[in-house]
Amino acid sequence: MTPAELIVEQKTLLQAFAETLDEEAGCLGEGKVNGERLSALAALKQQQLHELDRVEKQRREYQQTMGFSLGSQGAEQFAQALDHHVTWQHTRQLAEQVRRSNRLNGHIISARLEHNQKAIDFLNRAIGGSVYGRNGESRHHGFGGISSKA
């Protein structure tokens, strides 16, 4: 892959990653979270991050080989020398969008986890101990006649 192709590839990968984050946000915003879909999206995100890291490493190697510094200023000069300055600017904007989206999704996940933990803690206090045993079954058989198997 040529240096110019790497810059375009980096932008393409970031666009795909941004779409994955948007889909993740949609799943997190639903009333009932689809755990399987979120798990699949997490695996996809890991794969996409791996690809982004690979392309970033190659771009930096080309950048350094062509005599540009490794910082953001060197990346700007590198893209300009390849006549891909506009593509690079768009890539940087996408990277910022991805950073914000990923942070927001992380906050949503943290809030849901905290909410779930508070609910579990409340149930534990209400019944005077852990709700579920190691096998996932209720330790308290039938809360008022209601089966509580997990």
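This is a predicted model: local features need pLDDT of at least 70, side-chain atom pairs count only at pLDDT 80 or more; totals for chains, interfaces and linings use all residues.

Q: Is T91 buried or exposed?

A: The way to read this is by relative accessible area, where buried means under 20%. T91 has a relative accessible area of 3%, so T91 is buried.

Q: Which residues does T91 touch, leaving out those up to four places away in sequence?

A: T91 touches I7, Q10, K11 and L14. One of these, K11, is found in helix α1.

Q: How does K11 look from its own side, and which residues does K11 touch?

A: With residues up to four places away in sequence not counted, K11 touches T87, H90, T91 and L94. The relative accessible area of K11 is 22%, so K11 is partly exposed, whereas T91 is buried. A distance can be read here too: the C-alpha atoms of K11 and A95 are separated by 8.7 Å, and these residues are 84 apart along the chain.

Q: How many helices and strands does the protein chain have?

A: The protein chain has 4 helices and 0 strands. Along the sequence the pattern is α-α-α-α. Of the 150 residues, 27% count as buried. Among contacts with a separation of 6 or more, 54% are between residues 24 or more positions apart. The chain exposes about 9900 Å², and carbon and sulfur atoms supply 52% of that area.

Q: Which residues make up the largest nonpolar core?

A: A core is read as a set of buried nonpolar residues joined through their side chains. The largest one here has 10 residues: L6, L13, L14, F17, A18, L21, L52, V55, L94 and V98. Helices α1 (3-29), α2 and α4 each supply at least two residues of this core, and the largest share, 6 residues, comes from α1. Another core, of 7 residues, lies apart from it, and I7, F68, F78 and W88 are among its members.

Q: Which residues are in contact with V98, leaving aside neighbours within four places in sequence?

A: V98 is in contact with L14, F17, A18 and L21.

Q: How is the packing of two helices described?

A: Two packed helices are described by the angle between their axes and the distance between the axes. In this model, the axes of α3 and α4 (residues 85-127) come within 7 Å and cross at roughly 140°. From α3 the contact involves S72, A75, E76, A79 and Q80, and from α4 H85, W88, Q89 and R92. By class, the contact has 3 nonpolar, 4 polar and 2 charged residues.

Q: What is there to read in the loop between α3 and α4?

A: Backbone angles are worth checking in a loop. D83 has its place in the loop between α3 and α4, and phi of D83 is near 60°, a positive value in a residue other than glycine. At 70% relative accessibility, D83 counts as exposed.

Technical notes: Residues are numbered from 1 along each chain as its sequence is written. Side-chain values use heavy atoms; hydrogens and water are left out. Buried means under 20% relative accessible area, exposed over 50%, partly exposed in between (1.4 Å probe, protein chains only). Contact means heavy atoms within 4.5 Å. Accessible areas come from the Shrake-Rupley method with a 1.4 Å probe; for residues, only the protein chains shown count as cover. Axes are lines fitted to C-alpha atoms, for helices over the stretch in contact, and angles run from 0 to 180 degrees between N-to-C directions. Ala, Val, Leu, Ile, Met, Phe, Trp, Tyr, Cys and Pro count as nonpolar, Asp, Glu, Lys and Arg as charged, and the others, Gly among them, as polar. A nonpolar core is a set of buried Ala, Val, Leu, Ile, Met, Phe, Trp, Tyr and Cys residues joined through side-chain atoms within 4.5 Å.
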